[in-house]
Amino acid sequence: MEDSWHQLKPKTGFTVRVNGRISDLSWQTLTQLYQPIMGPSAAGLFSALFWLPNRGTYQRHTTLLTVLGLDLEHLYEARIRLEATGLLTTMVTTQDDLTGFVYELHAPLAPAAFFKDDLLSVQLLGVIGEENYQQLVTTNVPNLGIRPNEKEITKNFLEVFHVDGQELNDLPAAVTTSRQRLAASTPTPVLPAESEPDFDFKLLGEILEHSFIDTRAVQANRQLLLTEHVTYGLDEVTMARYVGEATDLATNKFDAEAFKRIVAQHFGQPRRSPAPTTEKPTPVESTTGTTTSAEQALIKVATATAPAVFLQAIKQKNGGFVTDGEQRIVRDLVSRQLFPEAVLNLMIYHVLVDEDKPTLNKNLLDTIANDWSKAKVNTPQLAIQKIRERQRAASQPRKSRSRQSTVKETLPDWAKKPAAETSTTATAKLSAEQQQRLQERIAKLKENRQSGKED
């Protein structure tokens with residue numbers, strides 16, 4: 001079943017259930033940490049679903065549209081952002097040819113777990129910047145270490161409670177049965193991630209072997225390195241350099257948070273990566289799906305370049321720079337996981353080069369993304385075909401301008417008659433007495449004229 005907002009109708013039904021306990025801290029985390037990433041509409045949808053009266057009963061999406069003041073397309077956009085951040089699991093149901101949805105809410109991660117998650121922490125850092133990020137870390141994860149004049153005397157469990165050692169060796173049936181039931185239940189969903197990209201960790205390890213860096217720390221942060229590779233397109237040599245910068249020379253300890261900041265800082269600097277040509281490939285009217293040599297070269301660069309780097313290369317060649325808003329737009333497109341990176345790059349190229357826009361426009365990109373998603377564009381060749389179709393549609397003149405229609409005026413029958421005939425007809429409609437009075441007045445007027453001439 002195709003997953004898009006076109007599935008939704010105002011009368012489509014849904015039910016809501018909550019997985020886990022959502023506390024006051026959960027709402028604080030949702031507002032401070034999750035909302036900058038997914039936007040206020042998604043946060044509002046989470047709140048609306050949770051506080052919905054009789055949320056476990058069958059309801060219609062009209063209720064959500066009214067409460068949030070959104071249309072179906074933006075409601076779907078908010079929903080998939082909740083799904084992408086792990087706050088919502090969506091199930092579709094079909095009964096008697098009627099489609100419905102089950103929305104299962106999940107509690108936000110605790111702040112410490114949030115900052116340890118590579119995808120969430122990197123995304124938040126890119127949205128709010130390093131200064132605000134560090135402030136949120138300090139506020140939400142306070143350092144409550146023991147001070148020099150303090151000594152811990154806390155009692156542990158076995159010092160306070162008596163536990164029968166035999167019961168620990170042979171657990172009661174009620175405990176084991178409950179654990180089995182919990183293990184069989186649906187686990188809390190994790191953030192979706194793309195399939196492992198083509199990154200040579202063996203080569204990275206060989207490079208780091210000749211340095212002071214502990215390669216075991218790098219292996220422990222494997223997912224973080226993969227996330228940065230997908231987002232920024234870092235190769236093994238560049239990755240090794242950034243890892244070195246984020247490692248303490250005295251302790252050889254790798255600092256994951258410092259590594260994220262270093263990568264973000266270096267992104268704004270000029271790169272020597274191959275820049276896509278800004279010369280527009282000549283459209284070819286082809287029904288076989290073949291591409292020109294210029295289009296093949298463009299596809300080659302788009303396939304080999306990360307979206308953020310691809311955008312930066314185009315902007316630099318045109319004399320511009322990547323804005324914070326454009327970084328968020330590209331990051332949002334990547335997080336949706338609707339298209340391969342090459343397709344996203346061609347979408348960026350089409351807007352900045354073909355459409356000659358100075359910056360990326362979110363509304364325009366959303367329109368193109370919806371069109372391509374509906375058409376199942378999943379290869380750069382199909383993206384080229386969609387670009388051709390869009391260019392052909394834009395180049396064709398509108399019929400209302402090219403053809404000036406000839407307006408044929410149809411006159412009523414009375415307007416087509418000669419003036420004399422019309423006068424006669426009008427006179428015929430007068431009574432005999434009225435005609436006589438009219439003739440007398442005409443005669444009197446003629447008489448007055450004649451007497452006036454003689455004077």
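Leucine 49 is in contact (heavy atoms within 4.5 Å) with Phe14, Val16, Arg55, Leu64, Leu88, Tyr103 and Leu105, leaving aside neighbours within four places in sequence. This is a predicted model: local features need pLDDT of at least 70, side-chain atom pairs count only at pLDDT 80 or more, and totals for chains, interfaces and linings use all residues. Residues are numbered from 1 along each chain as its sequence is written, and side-chain values use heavy atoms, with hydrogens and water left out.

**Nonpolar cores**
- The largest nonpolar core holds 39 residues; Phe14, Met38, Phe46, Leu49, Leu82, Phe114 and Leu124 touch the most other members.
- Helix 2 (residues 40-50) gives the most to this core, with seven residues.
- Another core, of 30 residues, lies apart from it and includes Val343, Met347, Trp372 and Ile384.
- A nonpolar core is a set of buried Ala, Val, Leu, Ile, Met, Phe, Trp, Tyr and Cys residues joined through side-chain atoms within 4.5 Å.
- Buried means under 20% relative accessible area (1.4 Å probe, protein chains only).

**Aromatic pairs**
- The structure holds ten aromatic pairs (Phe, Tyr and Trp rings, the six-membered one for Trp, with centres within 6.5 Å).

**Aromatic cluster**
- Trp27, Phe46, Phe50 and Trp51 form one aromatic cluster.

How values were computed
Buried means under 20% relative accessible area, exposed over 50%, partly exposed in between (1.4 Å probe, protein chains only). Helices (H or I, at least four residues) and strands (E, at least two) are DSSP runs, numbered from the N terminus. Rings of Phe, Tyr and Trp (its six-membered ring) pair if their centres lie within 6.5 Å; planes under 30 degrees apart count as stacked, over 60 as edge-to-face and the rest as tilted.
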